[in-house]
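Dear colleague,

I am handing over the structure we spoke about, with the sequence and the model placed just below.

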Amino acid sequence: MRRYLDWQIATVKSIRQETPKVKSFTLALPDWIQHKPGQHYDVRLTAPDGYQAQRSYSIASEPERSGEIDLTVEWIEDGEVSSYMHEVLTVGDQIEVRGPIGGYFVWEAYMGGPLLLIAGGSGIVPLMSMIRHRTATGSKVPVRLLYSSRTLEDVIYYDELMKLQGAKDGLEVFHSLTRLTPAGWAGYSRRIDSQMLVEVAGPLGSKAQAYVCGPTLFVEAVANGLLQFGLTPNQIRTERFGPTGSN
Ligand SMILES: Cc1cc2nc3c(=O)[nH]c(=O)nc-3n(C[C@H](O)[C@H](O)[C@H](O)COP(=O)(O)OP(=O)(O)OC[C@H]3O[C@@H](n4cnc5c(N)ncnc54)[C@H](O)[C@@H]3O)c2cc1C
């Protein structure tokens with residue numbers, strides 16, 4: 001029997017361009033194990049001379065889809081693994097992965113809510129797995145998503161989020177654009193601040209469970225803001241993706 005920390009060879013089933021800098025990869029897994037929304041996989045690349053590079057990528061898809069997972073990867077200039085996945089990997093290629101990994105930054109429908117999801121850039125990925133899982137299970141847990149992106153074209157899963165919100169089953173989406181806003185933009189247009197947290201989190205009340213994911217500095221700033229807002233540390237789960245905080 002395969003254990004989740006064993007490496008396996010996944011096959012790239014399809015690739016979707018989500019935004020100019022972000023692609024989603026559907027990977028078919030010979031030894032699929034059902035994941036929990038919020039978990040990640042490790043991807044390992046091996047060069048002909050034996051040099052290896054390994055990075056973590058959150059699972060974007062819902063656990064109800066069996067035999068395959070979606071990873072959504074942002075292209076980072078000079079990034080060893082992300083640029084390989086964007087520039088070299090094509091449908092039918094094979095890639096080494098292991099997972100699902102992680103037990104803390106997870107949410108499953110039985111855990112209830114209300115949920116406050118806060119994402120910066122590609123930090124939306126594990127939160128999207130939670131949202132898709134909520135839809136797949138028919139959960140009606142109230143969810144408010146606050147999602148910070150640089151520009152409108154950088155918003156990942158924009159159409160899907162609009163559609164899910166349109167179902168009016170308790171999911172509300174709030175975008176903030178930090179660099180450029182289109183004419184007539186009705187959402188927020190600044191970095192997440194305490195006023196924004198009050199407006200978005202306030203209606204969920206004092207029992208909300210918060211999940212915050214994105215660049216390291218983004219996560220730290222938002223988590224501090226949530227503590228000031230009045231949530232307790234055990235109501236706030238965080239996942240840090242990397243060194244920058246420029247969303
Ligand atoms: C648990 C976990 C889950 C993650 N999930 C995702 C995901 O779903 N999608 C995704 O795109 N990324 C995700 N990441 C980030 C990912 O693991 C890599 O760090 C990222 O893809 C960069 O790797 P690289 O090899 O391309 O760049 P590297 O070769 O490692 O770095 C190249 C340059 O980019 C900078 N850099 C490294 N990481 C980042 C980053 N995250 N943001 C900005 N600059 C960076 C470095 O400082 C360096 O200057 C996750 C990280 C963790 C820890």
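**The ligand and its surroundings**

Sorted by class, the shell around the ligand is made up of seven nonpolar, nine polar and six charged residues. Please bear in mind from the start that this is a predicted model. In all, 22 residues surround the ligand, and the closest of them are R55, S56, Y57, V81 and S82.

Which elements give two or more residues to this shell? They are the strands β4 (52-58), β5 (68-74) and β11 (236-240), together with the helix α1 (80-87). Among these, β4 gives the most to the shell, with four residues.

- T72 has a polar backbone atom that is 2.9 Å from a nitrogen atom of the ligand.
- E74 places a backbone N or O atom 2.9 Å from an oxygen atom of the ligand.
- V81 has a backbone N or O atom at 2.8 Å from an oxygen atom of the ligand.

Taken alone, the ligand exposes 900 Å², and of that area the protein buries 74%.

**The largest pocket**

The space that the ligand takes is the largest pocket, whose volume is about 910 Å³. Its lining consists of 37 residues, and those that lie nearest the centre of the pocket are E74, I76, S122, F241 and G242.

The elements that give two or more residues to the lining of the largest pocket are β4, β5, α1 and β11, and the largest share, four residues, comes from β4. Divided by class, the lining has 11 nonpolar, 17 polar and nine charged residues.

**Points in the backbone to look at**

Most peptide bonds are trans, and most residues other than glycine have a negative phi.

The peptide bond that joins G99 and P100 is cis, with omega at about 0°, and P100 lies in strand β6, which covers residues 94-101. A cis peptide bond also runs from G113 to P114, again with omega near 0°, but P114 lies in the loop between β6 and β7 (115-120).

Where in the chain is D78 placed? D78 is in the loop between β5 and α1, and its phi is near 65°, a positive value in a residue other than glycine.

With best wishes

Key: Residues numbered from 1 in each chain as written. Predicted model: local features only at pLDDT ≥ 70, side-chain atom pairs only at ≥ 80, totals over all residues. Heavy atoms only, no water. Near = heavy atom within 4 Å. Polar contact = N/O pair within 3.5 Å; in protein donor to acceptor, adjacent residues only side chain to side chain. Areas by Shrake-Rupley, 256 points an atom, 1.4 Å probe, with all protein chains shown as cover. 1 Å grid on protein atoms, 1.4 Å probe; cavity = no way out; pocket = protein on both sides within 12 Å on 5 of 7 lines; lining within 4 Å. Sits in = over half its atoms within 2 Å of the grid points. Nonpolar A, V, L, I, M, F, W, Y, C, P; charged D, E, K, R; others polar. Points joined across faces, edges and corners; volume = space filled by probe spheres on them.
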